[in-house]
Amino acid sequence: ASRQQSERLGEGAERRDFAAWLSAEGIEEENPEIARLDAHIWEIALLAPAAPVADWRGRLHGAIMADARRRPLLLDVLGGELRRALEAEKARARLSANLAGLLAEAAAAGLDTSAWREDEGELAGVRISERLASVTAALDAHRAARAAGERRGAVLEALAELGYEVCEGMMGAWAEQGELVLANPSRPGYGMEVRGGGEKAERIQMRAVAKS
């Protein structure tokens, strides 16, 4: 998308590669580092349109025009800044891609992702990491709740097949109270107590109990 936007902004403009620009400026390309830095600036511009590209291009031009003694130092300083900026933007792009994938997964699971999508494209790396952690936690909790509900449903279905009375609302009561006692008409005075089945419970416990 950034590349397409850049192409639209450049419609009608004269396109020249870096070597052609140097030739037009009457400058010989003596240092391959110059071409590398120019490539870094282009790559950062595609990843982050708001980056100070004009400033970097001005500094690169200034380094090219400087005398041979000062040029290596100017290129070295600019190169270090550009490499750090490029690494940061690549890391942010990876995090953004991870966040987009996780949000798609959360939406497919039925979660409301509208709050997480606010200013999604304007987040810095640290804030993207924080949002990733938030979405991951919510998705994990949703999965745990769903798995716990499936475990409770499977147990109640099995007990119903054994003759125990299972009625609507028992799933919710079990989840809320943490335990449930089911009666079996064929065994008056006794019932089956079930415990566990919550999101953090490692196992479900069942035992026969006397009913008053």
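User: Why are helix 3 and helix 4 called roughly antiparallel to each other?

Analyst: In this predicted model, helix 3 and helix 4 pack at an angle of about 175°. Angles over 145 degrees count as roughly antiparallel. The pair is therefore roughly antiparallel. Their axes lie 10 Å apart.

User: Why give both an angle and a distance?

Analyst: Because two packed helices are described by the angle between their axes and the distance between the axes.

User: Which residues make the contact?

Analyst: Helix 3 brings Ile34, Leu37, Asp38, Ile41, Trp42, Ile44 and Ala45. Helix 4 brings Val53, Trp56, Arg57, Leu60 and Ile64.

User: What stands out in the largest nonpolar core?

Analyst: That core has 16 residues. Ile44, Trp56, Leu60 and Leu82 touch the most other members. Helix 3 (32–47), helix 4 (53–65) and helix 5 (71–108) each supply at least two residues of this core. Apart from it lies another core, of ten residues, among them Val155, Leu159, Trp174 and Leu180.

User: What makes a residue such as Ile44 a touching partner of others?

Analyst: Contact means heavy atoms within 4.5 Å. Leaving aside residues up to four places away in sequence, Ile44 touches Ala51, Trp56, Leu82, Ala85, Leu86 and Glu89.

User: Why is Glu81 called partly exposed?

Analyst: Its relative accessible area is 28%. Buried means under 20% and exposed means over 50%. The value for Glu81 falls in between, so Glu81 is partly exposed.

User: Where does Glu81 lie, and what does Glu81 touch?

Analyst: Glu81 lies in helix 5. Not counting residues up to four places away in sequence, Glu81 touches Trp56 and Arg59. Glu81 and Trp56 are 25 residues apart in sequence. Their C-alpha atoms are 9.4 Å apart in space.

User: What secondary structure does the protein chain have?

Analyst: The chain has seven helices and three strands. Along the sequence the pattern reads α-α-α-α-α-α-α-β-β-β.

User: How much of the protein chain is buried?

Analyst: Buried residues make up 28% of the 212 residues. The accessible surface comes to about 13600 Å², and 52% of this surface belongs to carbon and sulfur atoms.

User: What share of the contacts with a separation of 6 or more joins residues 24 or more positions apart?

Analyst: Such residues account for 43% of those contacts.

Conventions
Residues numbered from 1 in each chain as written. Predicted model: local features only at pLDDT ≥ 70, side-chain atom pairs only at ≥ 80, totals over all residues. Heavy atoms only, no water. Core = buried A, V, L, I, M, F, W, Y, C linked by side-chain atoms within 4.5 Å. Buried < 20%, exposed > 50% of the residue type's maximum accessible area, 1.4 Å probe, protein only. Helix = DSSP H or I, 4+ residues; strand = E, 2+ residues; numbered from the N terminus. Axes fitted to C-alpha atoms, helices over the stretch in contact; angles between N-to-C directions. Parallel < 35°, antiparallel > 145°, perpendicular 65-115°, else oblique. Areas by Shrake-Rupley, 256 points an atom, 1.4 Å probe, with all protein chains shown as cover.
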